[in-house]
Amino acid sequence: MDDTKPFWHLFRHNRNDEKPSEIEIEAKLKEQIQALVRNGIFFDFEKRKAAPVQSKFGGKPALPKKFEWPHYTDEYGEHIVLPFFLQLSCEELSVYDTDNLLPHEGMFYLFYDLTNQPWRNSKGAKLLYTPTPISELVPADFPDNLPEEHRLPEMALKFTAHTCAPDWEDYVGMTGDDNTAYTDWDIIERKLGKWGYPHMESAGRILGYASLIQNGIAEACESRAQEEKQQTYSKKSAREWILLLQLNCIEEEEVDIPFRDCGSLYFYIRQQDLERRDFSQIQFELQCY
């Protein structure tokens, strides 16, 4: 009688290197993604004008009385008056900000240099915030030296809130670049829609995760912020950077702005700065195909 058979059967059943089933792997990855998801506020254009203090694209912004229209001198010595792109009412956004991250009053403004279209941190890309109550904002006239083609047509904005999962680049940055990242993502990417996190098309988004065209931006933000203090950089510190605003290339009858080659504008902020309402260290990047 061979007494070793029960032993080897028990060994095979209980050995530690037994591979988990496909169902177990998917359940683990779904749990991992659920821990990473964030609420995003998505917006699209509506073919109508907005009230003066409502969120909108283009037109004339409603500004604080002593607000100076953004301008700068570019690297060629040319004086550039920045075109106005977006006005985002925090009061409107608060309805969709389920994580309660944004201020509840005031306004965000986006101005961007269409002449040079800078790639990253530049005085030619400004995302500004004012806590001024909307009752004190005044519709502003365009500066005389703003070219006519940079006076963008006005379109109202429509918002929706969606829970979104990270793209591949953010997933790797948040979970670590280990040997299983590629194989895990192959499964995750196929299952995201089934798990309730489909890819969302929109003109842009606020918070949540960026829809990236090239590499991850959070680590680049941290690296640039450290400058000469690179020894303090880490992937963990890079995770402090989150998306504040993304605006995609604009393809409307009224206006067509490709941002170089079908690109997107991204503005990131440290979570702790957002909590403190400190918008002085926002970082910018343009990505395109």
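**Strand pairing and salt bridges**

Strands β11 and β12 (residues 241–248) pair in the antiparallel sense, with three bridges between them. In this predicted model, the bridge partner of I206 in β12 is L245. Strand β11 (residues 204–207) also runs antiparallel to β1 (residues 38–46), to which it is joined by four bridges. F42 has R205 as its bridge partner in β11.

Nine salt bridges are present in the structure. One of them is formed by the side chains of E26 and K191, with an N to O distance of 3.7 Å. E26 belongs to helix α2 (residues 22–36) and K191 to helix α5 (residues 181–191), so this pair ties together parts that are 165 residues apart in sequence. Both E26 and K191 are buried.

A salt bridge also forms between R48 and E46, whose closest N and O atoms are 2.9 Å apart. R48 is partly exposed at 41% relative accessibility, and E46 is partly exposed with a relative accessible area of 24%.

K47 forms a salt bridge with E254, and the closest N and O atoms of this pair are 3.8 Å apart. The pair links distant parts of the chain, 207 residues apart: K47 lies in the loop between β1 and β2 (56–57), and E254 in the loop between β13 (250–251) and β14 (256–257). K47 counts as exposed because its relative accessible area is 53%, over the 50% cut-off. E254, in contrast, is partly exposed, with a relative accessible area of 41%. Salt bridges link K47, E252 and E254 in a network.

Methods: Residues are numbered from 1 along each chain as its sequence is written. This is a predicted model: local features need pLDDT of at least 70, side-chain atom pairs count only at pLDDT 80 or more; totals for chains, interfaces and linings use all residues. Side-chain values use heavy atoms; hydrogens and water are left out. Two strands pair if DSSP finds at least two bridges between them. Helices (H or I, at least four residues) and strands (E, at least two) are DSSP runs, numbered from the N terminus. A salt bridge is a side-chain nitrogen of Lys or Arg within 4 Å of a carboxyl oxygen of Asp or Glu. Buried means under 20% relative accessible area, exposed over 50%, partly exposed in between (1.4 Å probe, protein chains only).
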